[in-house]
Amino acid sequence: MSHLIQITPNGDINTLDWDSTIAPVDQICTALTTPHAPVEYVHFIGHSRGEDLNICRDDLGLDNNDQLNMAASAYTGVITVGNLVVLGRDPETGEEIGLDPGRAAAERGNIRAAAAIAIRNLRSITR
C-alpha cells in the first residue's frame, strides 16, 4: 500500500492511503481541503528534498483566511497556510504516486525534525 502525508496547521502529521484508481489531483485536493475552504487548485512547491517527492499546498490559503502551518513552513522553507501534502513522484514520468511505507516514515521524521528546529529557534528568539 502507498500513502501521502498531510500536515495540518495544528501540527498533525497524517498518513493517508493513496488510491491508484482515483485521479491524483482529486486525492491531493481532498487532502488539502480544510474546514475553512474546499481546495480546487493545487500549487506544487519547489523543494530540494528529492526528485521522487512532490509537495503541494493550497495556493489560495491566504485568501481563504486559513491558519499558518508552522510545521509545514519549517519543512518546506516556504510560508504555508492551511494543509500541506507530501506525495511521491515518478522521476521518469513526472506522475504523482503514493509513497511507499518506508519513504512515508522517513518524511514524517523529516517533518518532525524540521518542526523541532523551528520551535527551538523560536524559543531562543523569545528569551
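User: Trp18: what makes it count as buried or exposed?

Analyst: The model is a predicted one. A residue is called buried when its relative accessible area is under 20%. Trp18 has a relative accessible area of 10%, so Trp18 is buried.

User: Where does Trp18 lie, and what does Trp18 touch?

Analyst: Trp18 is in the loop between strand 2 and helix 1 (24-32). Leaving out residues up to four places away in sequence, Trp18 touches Ser2, His3, Leu4, Pro24, Gln27, Leu87, Glu96, Ile97 and Gly98.

User: How do you know whether Ser73 is buried or exposed?

Analyst: Ser73 has 11% relative accessibility, which again falls under 20%, so Ser73 counts as buried. Ser73 sits in helix 2. With neighbours within four places in sequence set aside, Ser73 is in contact with Leu68, Val78, Ile79 and Thr80.

User: What does the accessibility of Ala106 make this residue?

Analyst: Ala106 has 37% relative accessibility, so Ala106 is partly exposed. Ala106 is in helix 3. The C-alpha atom of Ala106 is 13 Å from that of Asn14, and the two residues are 92 apart along the chain.

User: Which residues of helix 3 are buried, and what do they pack against?

Analyst: The buried residues there are Arg103, Ala104, Glu107, Arg108, Ile111, Ala114 and Ala115. They pack against strand 1 (3-7), strand 2 (13-17), strand 4 (53-58) and helix 2 (70-76). In general, an α-helix has 3.6 residues a turn, so residues three or four places apart point the same way.

User: How does the span of helix 3 compare with the span expected?

Analyst: Helix 3 (residues 101-126) has 26 residues.

User: What is the order of the elements in the whole protein?

Analyst: From the N terminus the elements run β-β-α-β-β-α-β-β-α. That gives three helices and six strands.

User: Why does the radius of gyration agree with that of a compact globule?

Analyst: A compact globule of 127 residues would have a radius of gyration near 14 Å, and the protein has 14 Å, so the two agree. Along the principal axes, the C-alpha atoms fill a box of roughly 50 × 30 × 20 Å.

User: What percentage of the residues is buried, and what percentage of contacts joins residues at least 24 apart?

Analyst: Of the 127 residues, 39% are buried. Among contacts between residues at least 6 apart in sequence, 54% join residues at least 24 apart.

User: How far apart are the mean positions of the positive and negative charges?

Analyst: The protein has 9 positive and 17 negative charges, and their mean positions are 16 Å apart.

Note on methods:
Residues are numbered from 1 along each chain as its sequence is written. This is a predicted model: local features need pLDDT of at least 70, side-chain atom pairs count only at pLDDT 80 or more; totals for chains, interfaces and linings use all residues. Side-chain values use heavy atoms; hydrogens and water are left out. Helices (H or I, at least four residues) and strands (E, at least two) are DSSP runs, numbered from the N terminus. The radius of gyration is taken over C-alpha atoms; the globule rule is 2.2 Å times the number of residues to the power 0.38. Buried means under 20% relative accessible area, exposed over 50%, partly exposed in between (1.4 Å probe, protein chains only). Contact means heavy atoms within 4.5 Å. Lys and Arg count as positive and Asp and Glu as negative; His and the chain ends are not counted. The place of a charge is taken as NZ of Lys, CZ of Arg, CG of Asp or CD of Glu. The expected span of a helix is 1.5 Å times one less than its number of residues.
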